[in-house]
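Hi everyone, thanks for coming. Let me put the structure up, and then I'll walk you through one chain.

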Amino acid sequence: MERSLENRPLRPRTSDVPPSEDKIRTSIEQEILHVRQEGDELIKPLVRGSLVQAMERGPLGEALKRQGIRFEIGEDGLVQIHLPKKYREPKAVSLPHDIDEHGTDLHHHRTLRAL
Amino acid sequence: MIHLLFSADRRFLGEVTTTNGAMDRLTLSQDGALEIGALCDGWVVRGIPVQQMMTVKQADGSPEAVTYLERVQTRSPEFVEALEQWAHENHLAALSLSDSHLACWEMLLLIPLEPSERFAFLLALRLTPNTLLSEWNTCLDEAQLLVRHAQAQTQHAIHLLQKRLAHHLAHVFVAPNANAHA
């Protein structure tokens, strides 16, 4: 006689697993997640240190120094660059942001077509 | 030439490749698709919108400054200039990068850094002459090696934990069957 799958559980249902096993599974899964996150977080300071040091040595370090460019790790733990003024980004254009997506000049209440 | 687009907080949004000033291709990152995807949608058909200003005479003869939107076609040699202006108007940063520097940028993308840090290294990379690019390659190679080593250690620790988990689960699934056969 055929037995339905309902009557023949291939694996224990969650409710069949003793609570202690559930707890173990959860705690190990959390540990795996923690290790993964910790690993990611540990890599970053290593990489920062390596790159900042590399930027100070050899011909590249010399070239950057000549250009007045230097890197340092800030108080927040992040790499910061110090650039001479001439290399800094230009300021955003100063045109007024008063035009809507249809080209209507909101300030003057007219469109280019109207001109 | 390639033009990299960044948000105000230095997240990489995408890249635009150009030839003689005209656009070849626009590729957006996941962040870029969300943040500027809608803004870039009509570029190929309608052109990239940039603000312009002109002076017109009013009825009484006095001059009046009027701003309006102008669309620059992507195939126009003026596209690159328009792209830079568009980026500024939208509070983005557009950094151009020569093809020779591209490989180093791609390596930087693979290194786990905060967006502001990656941007900082990119600023220095752009100012590096081609003759020193091999130095950048060496630095970035070393950093990638560190990353791979640390990732292997993490993977090993995770593997051990997974084995522990598998052992516990096997105990739950196998033990009742073993008892049944006994």
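So, how does the radius of gyration of chain B compare with that of a compact globule of 182 residues? The globule would be near 16 Å, but chain B has 26 Å; that radius is taken over C-alpha atoms, and the globule rule is 2.2 Å times the number of residues to the power 0.38. The C-alpha atoms fill a box of roughly 105 × 45 × 25 Å along the principal axes.

Quick housekeeping. This is a predicted model, where local features need pLDDT of at least 70 and side-chain atom pairs count only at pLDDT 80 or more, while totals for chains, interfaces and linings use all residues. Residues are numbered from 1 along each chain as its sequence is written, with chains lettered from A and ligands numbered from 1 in the order written.

Chain B has 7 helices and 6 strands, meaning DSSP runs numbered from the N terminus: H or I of at least four residues for helices, E of at least two for strands.

Now the sheet. Four strands run β3-β2-β1-β6 in chain B, open and antiparallel, where pairing takes at least two DSSP bridges. At the edges sit β3 (22–28) and β6 (93–97) of chain B. β1(B) and β6(B) share 5 bridges, and F6(B) stands opposite A93(B).

Last, helix α5(B), residues 99–110. C104(B), W105(B) and L108(B) are buried, that is, 20 or more other C-beta atoms, placed from the backbone, lie within 10 Å of their own; exposed is 12 or fewer, and partly exposed is in between. Down the axis of α5(B), the buried residues fall within an arc of 105°, so they line one face; the arc uses directions from the helix axis to the C-beta atoms. On the other side, D99(B), E106(B), L109(B) and L110(B) are exposed.
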